[in-house]
Every structure is written in structure tokens, then in C-alpha cells.
Amino acid sequence: MNSRTEREEIAARLLDEHGLTFAGQLEIYLEKNTPSVLFQWWCASLLLSARIQTSIAMRAANALFARGWTTSRKLADSSWDDRVRVLNNAGYARYDERTATMLGNGAERVLNEYRGDLRKLRARAARRPEDERKLLKEFKGIGDVGADIFCREIQIVWHELYPFADAKALQAAGALGLGTDVRQLASLVQGVDFARLVAALIRTGQRRNKG
């Protein structure tokens, strides 16, 4: 592992070059912690968790939001056919029908279980990370990967999750000489920047895998 100074320099470079969060790229402002924002990030996490290119998943998320489906009520009120069409046109073709179903069912669950507000999921879990993950995984289409994606960036406002980095981010950190201890990794940046560092590590790992 590199020295502390070297690791801090690597972390700073990662933030400069790749430090835009995935939520930020989608113009989902998680720091607002509102029902609409949280639901949009739930949708994006579901889409990103599929075995599909990140760029396609991001394009699909943008396409959903462009249709105005930015709350659980609005998405639940959309038709399955419309959801399939939007996903397909965005390139999410292999998973369009199944994902359209999961999005619709998920929107209904958010409405019925949490009255349209995922902050109530957090409250039901008593802000315990393990219980938050358990409740997230009750949604069809949100498994371990989807829960990881959701938690990676929601830690910006759900502070009980901090510091959180999933296996993919830690693998990339190890390859860069940053080590794989999440708390040591978090100590390299200001707390508010840790989610950005994790996003940068995910992007770096994706590029390495492509190479």
C-alpha cells in the first residue's frame, strides 16, 4: 500500500477526474432528501444493478424522468406499455419488459408501504444500516448489488451508512494502492466527499475492466 501522502494525492486526483456521483450525473440532488429525490435514486439504483452497460442504465433513468415519472405516484400511474417503450427506446432492450414490471410494482410498494416517502423506510429500520438494506431488498429487482448502489450515494444524507463502500469500490481502491479498509479510505477525504470518491473508484474499476 502507498504512503499516506501518496494515497491522499491519488484520492484527490480521483475526485478531480471522476468525482461526479452517479446521482449528480442524473441531476438527482440527494442532499435534499425529499420523497421525489429518494424515489428517483431508488429507480436509478434498480436500473444500474442490471447486467447492462452503465451508460445505458443512466440513459434509461434520464428517459424515465424526462417523462415526468419522478415520484412513486407518477410512475405508478404510468402504463406498463409506456414504461416498456421508454426503456426500449433508451437501449434497455434486453430487460425492458421485466424492468417495467419491477418499476411499476416498486412504485406501488413505495406508495402502499411508505406512503410515497422512502424516509419512512429509514424510520422503520430505526436508522440501522443492516435493516435499511433488508427493507430495500424486499423490493423486487433490488438485490445486494442494487442495495449497494443505493447505499453508496445515499450515505450523503443517511449518515448512519457512512462510511460505505461496496466490494467493487474497495477492489478498485486496492488496485490503486489505497488499501481496502473502508475507514482508512474515508480518512483520505473530507466526509462530504467520500461518496464522490466511491463513485470515482467505481468508474475507475469499470474502465479497468473494459481495458
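Biologist: Which helix gives the largest share of the lining of the largest pocket?
Modeller: Helix 13 does, with eight residues. Keep in mind that this is a predicted model.

Biologist: And which other helices supply at least two residues of that lining?
Modeller: Besides helix 13 (194-210), you get helix 2 (22-25), helix 4 (54-66), helix 10 (144-154) and helix 11 (167-175).

Biologist: How much space lies in the largest pocket?
Modeller: About 830 Å³. The lining has 29 residues, and the closest to the pocket's centre are Thr 54, Lys 168, Ile 202, Gln 206 and Asn 209.

Biologist: OK, on to packing. At what angle do helix 3 and helix 7 pack?
Modeller: The angle is about 150°, and the axes are 11 Å apart. Helix 3 covers residues 35-48 and helix 7 covers residues 96-114. Angles over 145 degrees count as roughly antiparallel, so that's what helix 3 and helix 7 are to each other.

Biologist: Is that crossing left-handed or right-handed?
Modeller: Helix 3 and helix 7 make a right-handed crossing.

Biologist: Which residues meet there?
Modeller: From helix 3 you have Phe 39, Trp 42, Cys 43, Leu 46 and Leu 47. They meet Thr 99, Met 102, Leu 103, Gly 106, Ala 107 and Val 110 in helix 7. By class, that contact has nine nonpolar residues, two polar and no charged.

Biologist: Now helix 3 and helix 10: how do their axes cross?
Modeller: At roughly 135°, and the axes come within 8 Å. That angle makes helix 3 oblique to helix 10. The crossing is right-handed.

Biologist: Who makes the contact between helix 3 and helix 10?
Modeller: Helix 3 brings Leu 38, Trp 41, Trp 42, Ser 45 and Leu 48, while helix 10 brings Gly 146, Ile 149, Phe 150, Glu 153 and Ile 154. Seven of the residues in this contact are nonpolar, two are polar and one is charged.

Biologist: Switching to the backbone, where is the cis peptide bond?
Modeller: Between Tyr 162 and Pro 163, with omega about -5°. Pro 163 is in the loop between helix 10 and helix 11.

Technical notes
Residues numbered from 1 in each chain as written. Predicted model: local features only at pLDDT ≥ 70, side-chain atom pairs only at ≥ 80, totals over all residues. Heavy atoms only, no water. 1 Å grid on protein atoms, 1.4 Å probe; cavity = no way out; pocket = protein on both sides within 12 Å on 5 of 7 lines; lining within 4 Å. Points joined across faces, edges and corners; volume = space filled by probe spheres on them. Helix = DSSP H or I, 4+ residues; strand = E, 2+ residues; numbered from the N terminus. Axes fitted to C-alpha atoms, helices over the stretch in contact; angles between N-to-C directions. Parallel < 35°, antiparallel > 145°, perpendicular 65-115°, else oblique. Left-handed = near helix turned anticlockwise from the far one by under 90°. Contact = heavy atoms within 4.5 Å. Nonpolar A, V, L, I, M, F, W, Y, C, P; charged D, E, K, R; others polar.
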